[in-house]
Amino acid sequence: MSNLDNTTALAENKVLILYILNKISNGILEDGLYKIISSINDINYFYFKEVLTDLLNSKLVGIFTKEEEESVLRITTDGKNSLSLTLDILPGILKLKADNVFEEEFSSITDETSIIAEFIPRSENDYIIKCKVIEKNETIFEVKTFAGSRERAKKIVDNWNKNASKIYPKMLDILLEGEGDRDVP
């Protein structure tokens, strides 16, 4: 891919993210935005993070904290101004696909319960794993743990994705054990 192609793709992806964020008034979790963007334009997670970080650094997108300390992404006023000036960069077919995918994906993200798990390497043998249950764009349950290898981290993530509907209620039951017992210190 030539530098011109890379520059064009970068510009299109930035405008695409601004275009989608402009449609969402209350903000969206980063995972939800990635789900929508990757459904529209075949983009890997690392490239998405790079583009998003650039938009955050240039203050076109902001991170806002909702109640319960949930951070969501929103387009800023500068981002809206930039979008109005650069919207013509998006090819018409991509804009049409974005509109169609947005309708499907956003309603599924906000209406359904989403099970999300990710692992983030801190070093070669140290991984942070976050497992979440999200309902109507709000995190209702989250657990964070560590793993000493990539294989263990991947196993935890895969297990959460496959079995969260069993694990989550069991964890709640364990947390609520002895709720009626007053003698427990």
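This is a predicted model: local features need pLDDT of at least 70, side-chain atom pairs count only at pLDDT 80 or more; totals for chains, interfaces and linings use all residues.
## Basis

Local features need pLDDT of at least 70 and side-chain atom pairs count only at pLDDT 80 or more, while totals for chains, interfaces and linings use all residues. Numbering runs from 1 along each chain as its sequence is written, and side-chain values use heavy atoms, with hydrogens and water left out.

## Aromatic rings

Six aromatic pairs are found in the whole structure (Phe, Tyr or Trp six-membered ring centres within 6.5 Å; planes under 30 degrees apart are stacked, over 60 edge-to-face, the rest tilted). The rings of Y34 and F48 have centres 5.2 Å apart and planes at 55°, so this pair is tilted. Y34 lies in helix α2 (residues 30-40) and F48 in helix α3 (residues 45-57), 14 residues apart; helices are DSSP runs of H or I with at least four residues, strands runs of E with at least two, numbered from the N terminus.

F48 is buried at 0% relative accessible area, whereas Y34 is partly exposed at 22% (buried is under 20%, exposed over 50%, partly exposed in between; 1.4 Å probe, protein chains only). Ring pairs join Y34, Y45, F46 and F48 into a cluster.

## Charge over a ring

The charged end of R74 sits over the ring of F64, 5.0 Å from its centre (Lys NZ or Arg CZ within 6 Å of the centre and within 35 degrees of the ring normal).
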